[in-house]
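Look at the structure first, then read on.

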Amino acid sequence: MSTILLAGGAGYIGSHTAVELLNSGYDVIIADNYSNSCPEAVRRVEEITGQSVKVYELDIKDSVKLETVFSENKIDAVIHFAGLKAVGESVDKPVIYYRNNIDTTLSLLECMTRYSVKNIIFSSSATVYGEENPVPYTEEMKRGTCTNPYGWTKVMMEQILEDAAKADKELSVVLLRYFNPIGAHESGRIGEDPQGIPNNLMPYVAQVAVGRREKLTIFGNDYDTPDGTCRRDYIHVVDLAKGHVKAIDYILRNGGAEIFNLGTGTPYSVTEIVDTFEKVNGIRINHVYGPRRAGDLPESYANADKAFKILGWKTEKTLADMCRDTWNWQKNNPQGYKS
Ligand code: NAD
Ligand code: WQD
């Protein structure tokens with residue numbers, strides 16, 4: 001049985017991926033400093049799967065502490081989720097973002113070299129396509145110009161990992177470019193639990209629905225899109241998690257260096273998200289239209305053909321599933337894991 005280290009595995013995408021890996025027969029170890037998560041998320045992963053997860057509470061930047069994870073376990077592959085991810089905060093605190101996101105990557109690579117761990121999967125983002133590339137995005141497009149430090153950390157980490165793979169022919173690197181993950185596990189036991197005011201659309205909608213926020217502001221309705229609001233490629237987090245299992249199967253079997261978009265290939269507008277959430281859940285989402293948000297692109301969506309062709313992965317869940325599962329999580333956990 002192969003053992004997978006999830007760096008940042010207590011977070012939103014990591015916890016859902018842990019469930020799918022455990023259900024597929026992999027052993028899972030989580031290393032996390034809980035800077036944007038909590039031990040309860042891991043406890044619930046164990047509850048859902050009926051399996052136990054070894055956890056190390058540590059800062060992955062701290063390569064001395066990180067080394068204990070590698071010396072105490074035989075790790076077959078690493079999935080690197082550990083990063084700070086708030087776009088607006090990255091503009092105000094760029095040094096903290098560069099330090100955390102780049103250093104976690106370097107510490108992991110150093111430990112992997114020392115302990116001959118040859119497989120790493122990295123949580124990248126559609127944001128690396130930047131402003132220049134036309135939609136739908138395909139993997140061979142050049143990385144573009146980002147509008148914020150968070151995006152640049154992803155561009156830089158992709159470059160670092162590609163350079164490491166070029167230098168060490170035995171090192172396999174898979175870069176997964178996520179589009180817009182939303183939704184929650186259908187049990188309603190794990191989900192997205194943002195601290196403070198949510199930056200992203202779906203958690204904001206969910207908090208309006210549960211009465212934690214008064215109203216949603218839709219950022220701009222004068223874009224050159226069918227209904228004037230921005231369009232994104234929203235992907236159910238469980239589909240995304242299953243994409244990681246396929247990527248792990250692939251990297252352990254074939255190795256190599258690859259990039260995959262993980263998206264549905266179908267864009268939905270902000271208005272369509274609000275309408276679908278209202279319809280599926282029978283709840284009204286109080287909303288107003290406001291000015292555009294700086295840095296937003298009118299459209300972002302994937303060409304997801306490569307992941308289907310090579311990994312045999314495609315999304316299965318609908319936008320209605322995403323809205324229903326988000327609400328199931330939020331209404332059962334109105335204050336997130338603190339509920
Ligand atoms: P998250 O914040 O829920 O999870 C990240 C986890 O990493 C958290 O548990 C946090 O405590 C941990 N972490 C951060 N820095 C750490 C450090 N120095 N040491 C140890 N642990 C640390 O975020 P998520 O939504 O699950 O995202 C996971 C990854 O996917 C991130 O790298 C993010 O940038 C990337 N990504 C997310 C999205 C999205 O919309 N959620 C989209 C594209 C890419
Ligand atoms: C979606 C749409 C907003 C909030 C970000 C990062 C990206 C990746 C995913 C991490 C946009 C609109 C939002 C609100 C709104 N993250 N919106 N009112 O900006 O596509 O992507 O998260 O890696 O890198 O940039 O996602 O959920 O913030 O916004 O109208 O209160 O919803 O303008 O059109 P985005 P989002």
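A residue counts as near a molecule or strand if one of its heavy atoms lies within 4 Å of it. The model is predicted, so local features need pLDDT of at least 70 and side-chain atom pairs pLDDT 80 or more, while totals for chains, interfaces and linings use all residues. Residues are numbered from 1 along each chain as its sequence is written, chains are lettered from A and ligands numbered from 1 in the order in which they are written, and side-chain values use heavy atoms, without hydrogens and water.

**Ligand 1**

Ligand 1 is surrounded by 29 residues. The closest are Asp32, Asn36, Ser37, Lys85 and Tyr150. By class, this shell holds 12 nonpolar, 12 polar and 5 charged residues. Here Ala, Val, Leu, Ile, Met, Phe, Trp, Tyr, Cys and Pro count as nonpolar, Asp, Glu, Lys and Arg as charged, and the others, Gly among them, as polar.

Which elements each supply at least two residues of the shell around ligand 1? They are helix 1 (12–23), helix 5 (94–114), strand 5 (119–125) and helix 6 (149–167). Helices (H or I, at least four residues) and strands (E, at least two) are DSSP runs, numbered from the N terminus. Strand 5 gives the largest share, 3 residues.

**Polar contacts to both ligands**

A polar contact is a pair of N or O atoms within 3.5 Å; within protein, one must be able to donate a hydrogen and the other to accept it, and residues adjacent in sequence count only if both atoms are side-chain atoms.

| Residue | Part of residue | Ligand atom | Distance |
|---|---|---|---|
| Ile13 | backbone | oxygen, ligand 1 | 2.8 Å |
| Asn36 | side chain | oxygen, ligand 1 | 2.7 Å |
| Ser37 | side chain | oxygen, ligand 1 | 2.7 Å |
| Thr217 | backbone | nitrogen, ligand 2 | 2.8 Å |
| Phe219 | backbone | oxygen, ligand 2 | 2.9 Å |
| Arg232 | side chain | oxygen, ligand 2 | 2.5 Å |

On its own, ligand 1 has 820 Å² of accessible area, and the protein covers 95% of it. For ligand 2, the protein covers 87% of 690 Å². Accessible areas come from the Shrake-Rupley method with a 1.4 Å probe; for residues, only the protein chains shown count as cover.

**Ligand 2 and Arg232**

Of the 18 residues around ligand 2, Tyr150, Leu201, Thr217, Arg232 and Asp296 come nearest. Strand 8 (residues 216–219) supplies the largest share of this shell, 4 residues. The shell has 9 nonpolar, 6 polar and 3 charged residues.

Arg232 is found in strand 9. Is Arg232 buried or exposed? Arg232 is buried, with a relative accessible area of 12%. Buried means under 20%, exposed over 50%, and partly exposed in between (1.4 Å probe, protein chains only). The Arg232 side chain also reaches the backbone oxygen of Leu297 at 2.9 Å.

In strand 6 (residues 172–178), 7 of the 7 residues are buried, so the strand is largely enclosed by the rest of the structure. Ser172, Val174, Leu176 and Tyr178 point one way, while Val173, Leu175 and Arg177 point the other way. In a regular strand the side chains alternate between the two faces of the sheet.

Two strands pair if DSSP finds at least two bridges between them. Strand 5 and strand 6 pair in the parallel sense over 7 bridges. The chain runs from strand 5 through helix 6 to strand 6, a right-handed β-α-β crossover. Right-handed means that, with the strands pointing away from the viewer, the path from the first strand over the helix to the second runs clockwise. Strand 6 also pairs with strand 11 (residues 257–262), in the parallel sense over 6 bridges. There, Tyr178 stands opposite Leu262.
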